[in-house]
Amino acid sequence: KAATSFVYDAIAHHPQVLPALKGPQFKETGAYFDREIKKPGELRTRLSYFPYIEKGEPFMSGDGTVYYITDAKAIDHIARDNPHAKAVIAVREPVDRAWSEYRFVYHSFA
């Protein structure tokens, strides 16, 4: 409803962007939701969502989980794991967004 799938798809088709390895449809991995790393195995689990990229390789990977923006812990975890992470945020006018959501839900269940 805010063009996040369109933006994610456009970025994901760049030849230097490698897709996530796990998650619903590989767009929204949820790898950073409320996951405090307390043991080495937990870090390995988080890293398993993404391809390994050697330092200096001209590639990047991403995560399109839109709800990270509302989770301060997720933002902190992302920043700690990758201090050079970049974010693309799509914002939409709220009334149009609400109307679009209503029509989407109404037609999905009508």
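1. Glu 28 is partly exposed, with a relative accessible area of 25% (buried means under 20%, exposed over 50%, partly exposed in between, with a 1.4 Å probe and protein chains only). Its salt-bridge partner is Lys 27, with the closest N and O atoms 3.6 Å apart; a salt bridge here is a side-chain nitrogen of Lys or Arg within 4 Å of a carboxyl oxygen of Asp or Glu. Lys 27 is buried, at 12% relative accessible area.

2. The model is predicted: local features need pLDDT of at least 70, side-chain atom pairs count only at pLDDT 80 or more, and totals for chains, interfaces and linings use all residues. Residues are numbered from 1 along each chain as its sequence is written, and side-chain values use heavy atoms, with hydrogens and water left out.

3. The whole structure holds three salt bridges. In one of them, Arg 46 and Asp 81 meet at 2.7 Å, N to O. Arg 46 belongs to helix H2 (residues 40-47) and Asp 81 to helix H3, so the pair ties together parts that are 35 residues apart in sequence. Helices are DSSP runs (H or I, at least four residues), as are strands (E, at least two), numbered from the N terminus. Arg 46 is buried, with a relative accessible area of 2%, while Asp 81 is partly exposed at 30%.

4. Glu 101 and Arg 97 form a salt bridge at 3.1 Å, N to O. Both are in helix H4, four residues apart, which means a separation of about one helical turn. Glu 101 is partly exposed at 31%, and Arg 97 is partly exposed at 29%.

5. The largest pocket has a volume of about 2000 Å³. A pocket is an open set of points on a 1 Å grid over the protein atoms alone, where a 1.4 Å probe fits, with protein on both sides within 12 Å along at least five of seven lines; lining residues have an atom within 4 Å of a point. The volume is the space filled by probe spheres set on the points, which are joined across faces, edges and corners.

6. Of the 50 residues that line the largest pocket, Gly 62, Asp 63, Gly 64, Tyr 68 and Lys 86 lie nearest its centre. H1 gives the most to this lining, with six residues.

7. Ala 90 sits in the loop between helix H3 (72-81) and helix H4 (94-109), and is partly exposed at 32%. Its C-alpha atom is 18 Å from that of Phe 104, 14 residues away along the chain.
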